[in-house]
Amino acid sequence: MSHPTRKKAVEPTTVATPVSASAVVPNWLPAINPAQPAATILHDLFDTRLDVRFDWNKQWLLGTAVLTLRPHFYPQSQLVLDAKGFDVKSVELMNGARKGKDLKFSYDKKKLTITLDRLYQRTEQYQVRVQYVAKPNELPKGGSEAITEDKGLYFINPLGTDKSKPRQVWTQGETKGSSCWFPTIDEPNQRMTQEISLTVESGQKTLSNGLLVSSRRNTDGSRTDTWKLNQPHAPYLAMLAVGNFAVVADSWRGKPVEYYVDPAYQYTAKRVFGNTPEMLEFFSKKLGVDFPWDKYAQVAVHDFVSGAMENTTASTFQQQMVQFTPRELPDVTYDASESVIAHELFHQWFGDYVTTESWSNLPLNESFADYSELLWAEYKYGADAAALVQQTKLRNYLEEAQMKREPLIRYRYATQEDMFDRHSYDKGGRVLHMLRKHVGDEAFFASLNRYLVHNKLSSVELAKLRIAFEETTGEDLMWFFDQWFLQRGHPELRVTHSYENSQVVLRVQQVQDTLYQPVYRLPVTVATWSGSQPTEHRILITKADQTFRLPVNQRPSLVKFDDEGMLLADIDETQSQEELLYQLSHARGYLQKYKAIQALRSKSGDLLVSAAFRSMLNDPFWGTRVAALEGLRRYRGAEGSAVRKDLQRVATSEKHGIVRATAIRVLSSFPNEDYSELYNAALKDSSYVVASAAVEALAHAPAPSTRGQVAALQNTTNPALLTALSTYYGLNGTLDDYSWFLQRSKDAPAEVLYVMLENFGLLMQRIPPIEREKGIQRLETLARTHSQLYVRLGAYKGLHELVASMPALKTTLQDIRNKEKDSNLKAMYSLIQ
């Protein structure tokens, strides 16, 4: 996910107090002293029991909530609950009684303030019952790019009028969405046990946190399922999902593991989720803490407002991440699905079992979940796969760092949604990787074990993690946590070396702006290669400009700074062509090979370089083969015939679909060369990715004979192929293809619409203006109303394509810009001329 940059503001003061599973202070409250009045609201939320049913026509939840609480420390006679957009019918004091005692309350549609019947001491529990109706669609529209809406409760196709999707209702609690469907103290440092009874139509399946403890049929034909979670968790992790799901059963050490999917995908569900039991075993052993909950379910829902969510015992996924046809499955990359499954599962320890104390400390949840993606890839698929994860994540962060640089743990932001960015995820995961390399594997995982065991079922701040590592290793790690978690930015390094007097003279300059970023302390490994053997030198960088002298027996063939590829840094390393070729042939893994290929791309015409690239087409790791193919793009050297033969061989016989597709794209980069026969054959490839690459290649070199073959693919639902078809018709379509865009712009997924809508504008340039009205209306509506920023941007770009022939659209575009609320998107609009 990518996330917008927002204006910063000061976070409310937090109450710094020791916390435990039964004693948690809300972080939104001001500091307190005993002289303050007893009405100050400090409560522990122990248990939540909900009884809910749904009005599908009105899209309401009808609920009864029974909350068990007690004052945290000071005596209290008042309780304040988060409750957004409810109709509150009654509030009663129960205290174990069947008939309640009415309590006075006031309600402003955000906070429910209850006057208790008397003053309660910290040793006294009490119980209140709230009867209410939740009306999520009446709430003000909010959200962010990470979580596109924040109304908490979502009815999907409630009346069943849309035949393309099922009827569902589901929830999304993070960050403060749970209080949109039940009254609670909606803060991450609260903990509660829970019991949720869901009354639904008899044919519907239900899912919630914990175990299904009862299911009864009612006299009206409905059914009531009761789910119970006995261990406490944070309110934002509460969930429910109702729909016509197929439930595919699995297990791990006798605990139920279940996959909830649309019935059409029940036979491929285990091919997508099937590694979950092995993940549970791997993570349990690695952490020394067995999966701490009674079950683990994963549910795919339609129109989910985020990528996925780690609800305790029941993670939710957007359906396009985990529901694939048998033909699509071979093309699904690790980072598109399996890494997300690992990410949400690891949250069951980091985020659910041990929870961030405040949103300012969100990296204590997300950095670990992000790093689990590398850990699982390393274990399951090897070091090269893990290196690809490392490379992708570092690139994601560095891209965002061009626009914003914030501390990982930050107490200044406009809204807590700002925390859901590539800093908290990608940067945080890379910081953990450096910490692992610094202390060593055994100490790293022993420290994580200590952290989990000592802080189980509680909320934490950063110091808890540092202390766990210091108590385990005996090392003072304040310097590490300070520079990486509490200060902004990253090192920008300029690295050069020379050879003199049996020494490598290595100069490292930190060239980042140190007015806002530190001069970093960087332990790092440098490898010197002589006679095909590396020697590792461990150095410690502490200055802005530092020179190291490394002893060697002879002039080395290669000097490799950050040999392990573990630094979170932007590194400019000077290397000769000879060193890069040596690195490519002797590299210890994907990262070094990739970096050598990238550095040599501008010299691909050199015979030695092109020969090296061609040899990499047979590398064992598919990512290296892709990099080598890209290195040969637009090749103009003396080996033209041999290179083209190699590319055609890979395009037709390579086993990996993404590599075949890349070879087709590289072939299409050669101007005035006809590979249409190869492209036409690829349209029938078993891989959608390959067929899509062929459509894109034909889009730039169309032939009348292939139009019919391309048209035969029009009804596809595959996102990659849909995107490619929109490109083909955007460049080559006629009025006959106008209706295809009108139809597919209704049912295409959001990730396709960004490209499709701009291509729609391109097509309309070539049709009479009188025919464009429906298309322009479609683009304008999407530009104004779609929940995804990039879809609105795509629609805007589509309209902009028509300005030259329809100048009146300038007024429409100006109005769209003026009314757009997202500052980042407005800035993007200003760049489109």
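**Figure 1. Crossing of helix 15 and helix 16 in the predicted model.** In this predicted model, helix 15 passes helix 16 in a left-handed crossing, a crossing being left-handed if the near helix is turned anticlockwise from the far one by less than a right angle, and right-handed if clockwise. The contact, meaning heavy atoms within 4.5 Å, is made by Arg644, Leu647, Gln648, Val650 and Ala651 on the helix 15 side and by Val659, Arg660, Ala663, Ile664, Val666 and Leu667 on the helix 16 side. These contact residues divide into eight nonpolar, one polar and two charged, where Ala, Val, Leu, Ile, Met, Phe, Trp, Tyr, Cys and Pro count as nonpolar, Asp, Glu, Lys and Arg as charged, and the others, Gly among them, as polar. The axes of helix 15 (residues 640–653) and helix 16 (residues 657–667) come within 8 Å and cross at roughly 145°; such axes are lines fitted to C-alpha atoms, for helices over the stretch in contact, with angles running from 0 to 180 degrees between N-to-C directions. Helices (H or I, at least four residues) and strands (E, at least two) are DSSP runs, numbered from the N terminus. Residues are numbered from 1 along each chain as its sequence is written, and side-chain values use heavy atoms, with hydrogens and water left out. Because the model is predicted, local features need pLDDT of at least 70 and side-chain atom pairs count only at pLDDT 80 or more, whereas totals for chains, interfaces and linings use all residues.

Figure 2. The buried residues of helix 14 are Gly623, Thr624, Arg625, Val626, Ala627, Ala628, Leu629 and Gly631. What covers them includes helix 12 (590–600) and helix 13 (607–616), together with helix 15 and helix 16.

**Figure 3. Buried residues of helix 21.** In helix 21 (residues 738–747), the residues Tyr738, Trp740, Phe741, Leu742, Arg744 and Ser745 are buried. Their cover includes helix 20 (719–732), helix 22 (750–764) and helix 23 (773–785).

**Figure 4. Aspartate 82 and its polar partners.** Aspartate 82 is found in strand 3 (residues 76–82) and, at 8% relative accessibility, counts as buried. A polar contact of 2.5 Å joins its side chain to that of lysine 111; a polar contact is a pair of N or O atoms within 3.5 Å, of which, within protein, one must be able to donate a hydrogen and the other to accept it, and residues adjacent in sequence count only if both atoms are side-chain atoms. The side chain of aspartate 82 also reaches the backbone nitrogen of aspartate 186 at 2.8 Å. Leaving aside neighbours within four places in sequence, aspartate 82 is in contact with Lys110, Lys111, Ser179, Phe182, Pro183, Thr184, Ile185 and Asp186.

Figure 5. Tyrosine 236 has its place in the loop between strand 14 (223–233) and strand 15 (240–243), and at 1% relative accessibility it counts as buried. The side chain of tyrosine 236 makes a polar contact of 3.1 Å with the side chain of asparagine 365. Tyrosine 236 and proline 188 are 48 residues apart in sequence and 6.7 Å apart in space, C-alpha to C-alpha. Not counting residues up to four places away in sequence, the residues that tyrosine 236 touches include Glu174, Thr175, Asp186, Met309 and Trp359. A cis peptide bond, with omega about 5°, joins glutamate 174 and threonine 175, and threonine 175 is placed in the loop between strand 10 (168–171) and strand 11 (192–200).

**Figure 6. Two loop residues with positive phi.** Lysine 109, in the loop between strand 6 (104–107) and strand 7 (111–120), has phi near 75°, a positive value in a residue other than glycine. Lysine 109 is partly exposed, with a relative accessible area of 41%. Serine 502, found in the loop between strand 23 (492–500) and strand 24 (503–510), has phi near 55°, again in a residue other than glycine. Serine 502 is partly exposed, with a relative accessible area of 38%.

Technical notes:
Buried means under 20% relative accessible area, exposed over 50%, partly exposed in between (1.4 Å probe, protein chains only).
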